[in-house]
Number of protein chains: 2
Amino acid sequence: MNQETKYNPYVSVDCVVFGFDGEKLKVLLNERNIKEKHEWYNDKKLPGSLLLKDEDLDDAAIRILNERTGLKNIYLSQFHSFGNPQRTKNPRDILWLENMTKLKIERIVTVGYVALIKIKRKIQVLADNTELNWYDLKDVKRMRLAFDHAEIIQKGLEHIRHNLNIEPYLFFELLPRKFTISQLRILHDTVHQVHSDVRNFQKKVTQMPYVIALDELEKKVPHRAARLYKFERKNLGMSKM
Amino acid sequence: MNQETKYNPYVSVDCVVFGFDGEKLKVLLNERNIKEKHEWYNDKKLPGSLLLKDEDLDDAAIRILNERTGLKNIYLSQFHSFGNPQRTKNPRDILWLENMTKLKIERIVTVGYVALIKIKRKIQVLADNTELNWYDLKDVKRMRLAFDHAEIIQKGLEHIRHNLNIEPYLFFELLPRKFTISQLRILHDTVHQVHSDVRNFQKKVTQMPYVIALDELEKKVPHRAARLYKFERKNLGMSKM
DNA sequence: ACAAAAGTGTTTGGAGTACACCCATGA
DNA sequence: TCATGGGTGTACTCCAAACACTTTTGT
């Protein structure tokens with residue numbers, strides 16, 4: 001298929017993909033290396049793409065994640081659209097875009113999605129020249145980012161904080177299938193920037209009908225092994241949440 | 001300016017404008033009359049427009065509301081974007097669009113905004129052939145609507161319910177400058193589809209530092225006159241909200 | 001005088017918060 | 001045996017919810 005007909009050159013989708021490594025929140029970013037005169041310019045960008053000509057927004061987000069990571073069945077949620085005309089006026093970004101797409105680019109409105117993924121899921125690096133890596137969310141503030149991707153990440157973070165507050169079962173999208181209550185607590189405290197009381201947290205979690213204790217303990221930890229729990233989606237309806 | 005250069009034919013903004021008449025939630029819709037063969041086809045649509053070529057999304061929403069109603073300083077909030085390719089495939093909608101814009105229309109992604117306005121603010125009907133009217137939100141479900149505007153209204157309603165829950169001071173965007181606690185309660189109960197206890201509601205409202213009792217009563221009511229209150233925006237910071 | 005809505009306090013249950021010690025495991 | 005984190009119960013506070021009668025005003 002001819003590139004001319006494949007993409008809609010006015011609308012794109014960008015995905016802010018969050019992960020959790022047990023200590024810190026991470027974001028998935030593409031390396032971007034641009035040859036300029038005699039130097040390489042290097043920065044990072046969100047996984048994203050122009051819409052295909054007859055593609056729905058949600059489908060585009062699913063496609064992007066699948067193309068880049070090989071993963072399917074990822075929690076995805078649209079959170080905001082960005083249409084500042086200046087967002088696609090940096091000559092470096094324009095050149096890069098026109099080079100990638102072989103299209104004349106005027107200005108692009110982008111629709112932001114957040115995704116939550118279990119960081120242990122192996123990301124299948126694809127055979128293009130872009131490298132996809134996890135970065136500490138804290139460090140991202142200090143990185144060079146393409147377009148307005150710093151702003152998109154910030155808004156995505158606020159959105160996911162908000163969502164994790166009103167739908168706490170979304171935490172389980174970020175944890176391994178079997179997890180300890182400590183892991184859940186550290187994740188919770190990291191996201192909401194609080195320090196929960198261990199006993200109160202334990203109490204609250206064990207009251208949730210959708211958190212099920214397993215007959216299984218952690219292994220090979222240099223201290224008393226913690227009990228493992230799992231998330232039971234079908235019990236979600238049993239709670240107010 | 002030539003139409004060819006004025007609009008971005010791929011992205012639009014639609015506004016779901018809510019009002020409250022003291023009893024019911026209302027939505028602002030444009031009449032749309034289309035001459036077809038020997039009959040007139042009649043339906044309703046949200047106030048909306050294609051983006052201008054170098055216009056930000058928020059600016060487009062502000063422009064649309066100002067063009068249609070003459071109003072400024074309206075509470076506006078982006079809530080969701082709609083990009084189903086089928087949303088602009090109805091031949092009637094395409095013809096109407098191409099007729100209005102004089103542009104070739106392929107498919108349009110639209111960004112939805114909600115607005116809250118005091119229904120008493122006089123809406124200045126403009127000199128085009130479209131009539132703008134308030135409709136009961138309940139009745140809208142049974143009306144013929146252009147494009148996917150029924151879906152957009154539904155999502156907008158959910159968004160505004162959610163927002164009014166976490167930022168209850170937004171209720172004052174819908175009430176007159178001076179209001180009674182009953183008016184606020186009826187609005188609250190309408191939006192959230194509950195029946196609040198009168199005493200508990202009174203207690204809660206009078207505790208809000210940003211709701212100020214006035215030395216003034218209702219007039220010409222066939223029963224005991226209620227005290228009037230006003231909203232004091234600068235006291236917002238004094239509460240947790 | 002009557003119809004209609006305004007205004008007002010107390011009690012109860014549940015949820016959140018604060019707080020300190022013993023237990024199990026690997027090194 | 002020690003270092004590390006796991007696991008547990010009680011008391012207090014605060015907020016939400018339930019509940020009924022008297023007051024004011026226009027007709």
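Which polar side-chain atom lies 2.9 Å from a base nitrogen of DNA strand D? That atom belongs to B:Asn200. Before going further, note that this is a predicted model, in which local features need pLDDT of at least 70, side-chain atom pairs count only at pLDDT 80 or more, and totals for chains, interfaces and linings use all residues. Residues are numbered from 1 along each chain as its sequence is written, chains are lettered from A and ligands numbered from 1 in the order in which they are written, and side-chain values use heavy atoms, with hydrogens and water left out.

Around DNA strand D you will find 18 residues, each with a heavy atom within 4 Å of the strand. Among the closest are A:Ser182 and A:Arg227.

Now turn to the protein chains. Chain B and chain A each bring 24 residues to their contact (heavy atoms within 4.5 Å). They bury about 1,800 Å² between them, counted as the accessible area (1.4 Å probe) lost on being put together, summed over both. Carbon and sulfur atoms hold 52% of that area. Across this interface there are 2 salt bridges (a side-chain nitrogen of Lys or Arg within 4 Å of a carboxyl oxygen of Asp or Glu). One salt bridge joins B:Lys89 to A:Asp54, at 3.2 Å from N to O.

Conventions. A polar contact is a pair of N or O atoms within 3.5 Å; within protein, one must be able to donate a hydrogen and the other to accept it, and residues adjacent in sequence count only if both atoms are side-chain atoms. Buried area is the accessible area (1.4 Å probe) that two parts lose on being put together, summed over both.
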